[in-house]
Structure formats: structure tokens, C-alpha cells
Amino acid sequence: MTDTSLLTGHCLCGAIRFTAKGPPLWIAHCHCDSCRRATASPMTTFFAVPNTGLTWHGRPASYASSKGVTRGFCATCGSPVFYRYEDKLDETHLYAALLEDPSRIKPERHDFLGERLAWFHPIPDPQP
């Protein structure tokens, strides 16, 4: 993995940009029904950062998608940009695909694998 002490990214139109200082707290693929619907994809990949190291350029709109959960998105292009829940208000979960270079991070796990779509088969990491 490359240096992850400074990660930058943006939505599709560029109206919302972020800078995250410090390495991610964790990086994971999520297979839950809610994330699939929010992203219109079979799974999504998040990385968590402490709010103290996160700077927004532009203001994301937000939506309370379920009890205790807020999802942020760009009001111009509709790109999802963050996920927060009330048990972890000191961190923000950002979508890895929004990074300037998503290959700079590597997911560590799969969450909610029991909700994985039956036809979606993640490719395992190659063995060294």
C-alpha cells in the first residue's frame, strides 16, 4: 500500500471535494442492502477517517436514510460522498471510488457478506 497520509477525492461534477489527513481508520467493502441501493451497485467500498482530519470543499447535501444514519451526496450531480451513523459521530465513511487514485488504498475486509447478492462473486486477492 502506498502512503495514505493525505487522500483527496471529489464527486462526479467536482462541486464536492474532500481532503482527508492521516491514514484511514479502516477500509472495507459493504454488501448491505442499504448501501447497494444508495449506490446502485452490487457493493461499495468505504474508508473511514476521523472528522478532525477531514476538510470539505463544497457542502454536501444530506439524507437521513435510516434510524441513526446520514448519507451525504452532491446536490448537483447526485454522487454519494459520505456515510455517518450515530454510534460513530467522530468519523466519516467516504466512498473509495471518489478518490483521485483509488488504488492508493486496499480494502481489508467484507462487511455484511451475508447480504451479498447471490450472483455477485468478489474476486479474491491473488496469492503471492
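**A pair in a helix**

A: Aspartate 33 and arginine 36 are separated by about one helical turn, because they sit 3 residues apart in helix H1. The model is predicted, with local features reported at pLDDT of at least 70, side-chain atom pairs at pLDDT 80 or more, and totals for chains, interfaces and linings taken over all residues. Residues are numbered from 1 along each chain as its sequence is written, and side-chain values use heavy atoms, without hydrogens or water. Helices (H or I, at least four residues) and strands (E, at least two) are DSSP runs numbered from the N terminus.

Aspartate 33 and arginine 36 form a salt bridge, with 3.3 Å between the closest N and O atoms. A salt bridge here is a side-chain nitrogen of Lys or Arg within 4 Å of a carboxyl oxygen of Asp or Glu. Buried means under 20% relative accessible area, exposed over 50%, and partly exposed in between (1.4 Å probe, protein chains only). Arg37 also belongs here, in a network of salt bridges that links Asp33, Arg36 and Arg37.

The loop between H1 and S4 contains alanine 40. Alanine 40 is counted as exposed because its relative accessibility is 73%. The phi angle of alanine 40 is near 55°, a positive value in a residue other than glycine. Phenylalanine 112, in the segment after S10, likewise has a positive phi near 55° and is not glycine.

Helix H1 (33-39) also takes part in the largest pocket, supplying at least two residues of its lining. The others that supply at least two each are strands S3 (26-30), S7 (69-73), S8 (80-85), S9 (91-95) and S10 (109-111). The pocket holds about 290 Å³ of space. Of its 18 lining residues, Cys30, Tyr83, Tyr85, His93 and Phe112 are closest to the centre. S3 gives the most to the lining, with 3 residues. By type, the lining has 10 nonpolar, 3 polar and 5 charged residues. For that count, Ala, Val, Leu, Ile, Met, Phe, Trp, Tyr, Cys and Pro are nonpolar, Asp, Glu, Lys and Arg are charged, and the others, Gly among them, are polar. A pocket is an open set of points on a 1 Å grid over the protein atoms alone where a 1.4 Å probe fits, with protein on both sides within 12 Å along at least five of seven lines; lining residues have an atom within 4 Å of a point. Its volume is the space filled by probe spheres set on the points, which are joined across faces, edges and corners.

In the largest nonpolar core, of 27 residues, Phe18, Phe46, Phe47, Leu94 and Ile105 touch the most other members. S2, S3, S4 (44-50), S8 and S9 each give at least two residues to this core. A nonpolar core is a set of buried Ala, Val, Leu, Ile, Met, Phe, Trp, Tyr and Cys residues joined through side-chain atoms within 4.5 Å. In soluble globular proteins, nonpolar side chains tend to be buried together.

Glutamate 100 pairs with arginine 17, the closest N and O atoms being 3.7 Å apart. That pair links distant parts of the chain, 83 residues apart, with glutamate 100 in the loop between S9 and S10 and arginine 17 in strand S2 (residues 17-21). Glutamate 100 is partly exposed at 46% relative accessibility, and arginine 17 is partly exposed at 37%. Aspartate 111 meets arginine 109 at 2.8 Å, N to O, and arginine 109 is partly exposed at 34%.
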